[in-house]
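The structure is shown first.

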Amino acid sequence: MLALAFATCAALSCGGDGGGERTEAGEYDATGAPGGRDLDSAQRESRDGRHPGPGAPNPVPAPYGVLFVTQVPVTGFNAVTSTFGNHISDVAHAPRGGDLWVRYDDGALRNLTAEAGFGTDGMQGANAIAVREPSVHWDGRKALFSMIVGAPTAQYGSSAPFRWQIYEVSGLLKGEAVSIRKVANQPAEYDNVAPFYGTNDRVLFVSTRPRTGEAHLYPQLDEYDSAPSNVGLYSLNPATGDLFLFDHAPSGVFSPSIDSAGRVIFTKWDHLQRDQQEEYDRLNGAGHGSFDFASEAPGAAHLAPKETFPEAHSAEDPLLGPDENPLVFNQFFPWQVREDGSEEETINHVGRQEFGGSYTDGSFKSDPNLTYQTPPGAHANKVYVSNAGGFFQIVEDPAAPGTFLATNAAEFATDTSGQIVRFTGAEGMNPDEMAITELTPAVTRLGIPPGTNPAHTGHYRDPLPRQDGQIIVSHTSEVRVDANDGTLTAPKLRYAFRLKTLVQNGSTWAAGQPLTKGIRKSLKWWTPDALASWEGELWELEAVELRATPRPRAKLAPLPAPERSIFEQEGVDERSLRAWLKGKSLALIVSRNVTSRDRGDVQQPFNLRVPGGVESVATDGKVYSVTGLQLFQADQVRGYADRKGRRPLARPMHDGEGASYLDGSAPGTAKVAPDGSVATFVPARRAMSWQLVGAQNEPVVRERNWVSFAPGEVRVCASCHGVNTGDQLGRPAPENPPEALRSLLKAWKEETGG
């Protein structure tokens, strides 16, 4: 598939209260103490060894092995090893029989789940398990992981009660007794995967729990094949049950972790395009029975399907505008967000123009200035994210903080394995300076016929950079795409993933010797239609290092000076406004000059002007007038007769009190001020997107991603479609105090008396 990425707003800032630390509720406390305690108390606990404070060393001084999982080999759409939709917990997608293991650095192995009484060989039944995605605590002495317990015990037995749930394991050192307990107060009716510890020891994870917790919205359906997806990132205090969604993703997020800068780093599947199931129904007269719900409410009326954003993705679709090129948008990119849900963007605002990740033609046919090609010399990177796939299993290198390893994998057929790459992305690094380095040869991303390219050394996944510089991977020597060369009841997978270290191989790297002698099992299970069996080695996946890690400081930038000056001049107390926003579950977004766009992005119009106001015209040719920013929210309102669940669609913003402050002429639209600025309130914890529109509400520049905001957040975007080093005229990011913010604060004061 082709894809085009617009990174989210550049120079984003949440505008915190002086950079305080996060509290137990995932917010910020001005004292700088975690959990809302006074700073002296937190320091005393750190000195006493009871609580290593943020940024303090942890008690275990060195690594002592790796934690990993075994998995019964499986391949296919939405399987546990697939790129997306991999949360499905039935035995067809997640065969039982794997375990949680530790391999110590002397080569000794322990089966931790077996020691704790979980799992079984032979026939898989009530005590059968599947295990995934371990993540180690800051002190290196315990870990979280996800596990399914149970399997059908008879032919045609139901898989419905089985869910991925989060467990914590302790007793990891040699000689300690292992203990595994289920994490309390997690959503029991939904699949919870990819758990990890927050900087304040909350449990963060990916879940299929609906955004609002309403069961009638389950499952959320993705924007590609309308298949079940996860919903995004959740934060849980197991002791109290306090739970909130801090990143809403209409097509899902994967492999999250926290880097040394305190950012939650993850892969997000961006597929913001029109519904191809509905298009099939419309063009063929039948198919999936697509329709729209009148709202997200239970029992909402069924309406004829309708979409207006973004543009149609098929040249054959009569809904495509006569001057529009079709948009097929499909991308797996590295993203970041804070633990409270603020400051979400691609890592450092890197986008298609710097990292690639597919392309599409210029958005308007009649404008020869528009092209997918990035102007030469606009950025340092020379290696690109691949089409029809992207970066998965992103992990920071502890030996080089701010540098990340990832698997550059195809979307299908290789079980999220491919090429291992490294990329730079330290907090604050300019995207023009970020670069990707190939560790394994580029051909390892592909499935090819045997013997056609000697540079292909097999497929790699789950890179694990260790503190000592060693890199461990899961590797199979098979160069073809994966497939089951056996049968449903006697599978024979081509791939055989084993833990190995990377070793130098000429100018690149390749897999060395296996770290284990192979872990074998003899298993049987109901599919549930037939009795299947496996005799042989299990896959070794998802290794993480057992080591202590400095606990990052959870920080937040202050409100930038141009916006702060507007608050001061208008006599608006920032804390009071934030409190009001939190109470209404709103965020405030601000852009200083929407006509200024990054020099490297010429796929959409960049010769822009505000009628009677500012303009940014860099070349000869068509100049576009922009008068409004139309905002869209992801409403889960597309339904189908042939499946359960609802797909999100882009609908003009209408949620909450924020909509009453919109002042544009079209639904969901805020006016662009003469200085090019925009400011408005938007719903928090719901995915949002937007487009610049002209005087007749015609689309001019469209956002290509969904972005979430935190309650109480003030998100500042110097220029709404990004400036890294310079815009089309070579100017730096705008610094003008945004007059649209002044108008909004005046209206807010008049309405609320604030």
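The largest nonpolar core of this predicted model has 77 residues, and those with the most contacts inside it are Leu233, Val264, Phe423 and Leu631. A nonpolar core is a set of buried Ala, Val, Leu, Ile, Met, Phe, Trp, Tyr and Cys residues joined through side-chain atoms within 4.5 Å; buried means under 20% relative accessible area, exposed over 50%, and partly exposed in between, with a 1.4 Å probe and protein chains only. Leaving aside neighbours within four places in sequence, Leu631 is in contact (heavy atoms within 4.5 Å) with residues including Ile589, Met653, Leu662, Val682 and Trp690. A second, separate core of 26 residues includes Val69, Leu112, Ile129 and Trp539. In soluble globular proteins, nonpolar side chains tend to be buried together.

Residues are numbered from 1 along each chain as its sequence is written. Local features need pLDDT of at least 70 and side-chain atom pairs count only at pLDDT 80 or more, while totals for chains, interfaces and linings use all residues; side-chain values use heavy atoms, with hydrogens and water left out.

The chain holds seven helices and 42 strands, where helices (H or I, at least four residues) and strands (E, at least two) are DSSP runs numbered from the N terminus. The radius of gyration of the chain is 26 Å, close to the 27 Å that the globule rule gives for 754 residues, so the chain is as compact as a globular protein of that length. That radius is taken over C-alpha atoms, and the rule is 2.2 Å times the number of residues to the power 0.38. Buried residues make up 62% of the 754 residues. Of the contacts between residues at least 6 apart in sequence, 67% join residues at least 24 apart.

The largest pocket has a volume of about 1,100 Å³. On a 1 Å grid over the protein atoms alone, a pocket is an open set of points with protein on both sides within 12 Å along at least five of seven lines, a cavity is a set where a 1.4 Å probe fits but cannot get out, and lining residues have an atom within 4 Å of a point. Grid points are joined across faces, edges and corners, and a volume is the space filled by probe spheres set on the points. Among the 50 residues lining the largest pocket, Ser135, Pro256, Ser257, Val395 and Val544 lie nearest its centre. Strand S15 (253-258) is one of the strands that each supply at least two lining residues, and the largest share, six residues, comes from S15. The lining divides into 26 nonpolar, 13 polar and eleven charged residues; Ala, Val, Leu, Ile, Met, Phe, Trp, Tyr, Cys and Pro count as nonpolar, Asp, Glu, Lys and Arg as charged, and the others, Gly among them, as polar.

There are five cavities of 30 Å³ or more. The second largest cavity holds about 50 Å³ of space, and its lining includes Val69, Val131 and Glu542.

| Peptide bond | Omega | Loop holding the proline |
|---|---|---|
| Tyr218 to Pro219 | near -10 degrees | between strand S12 (203-207) and strand S13 (232-237) |
| Phe309 to Pro310 | about -10 degrees | between strand S18 (302-303) and strand S19 (331-337) |

Glu133, in strand S7, has a positive phi of about 50 degrees although it is not a glycine, and Glu133 is buried at a relative accessible area of 15%. Asp201 has a phi near 70 degrees and is partly exposed, at 29% relative accessibility.
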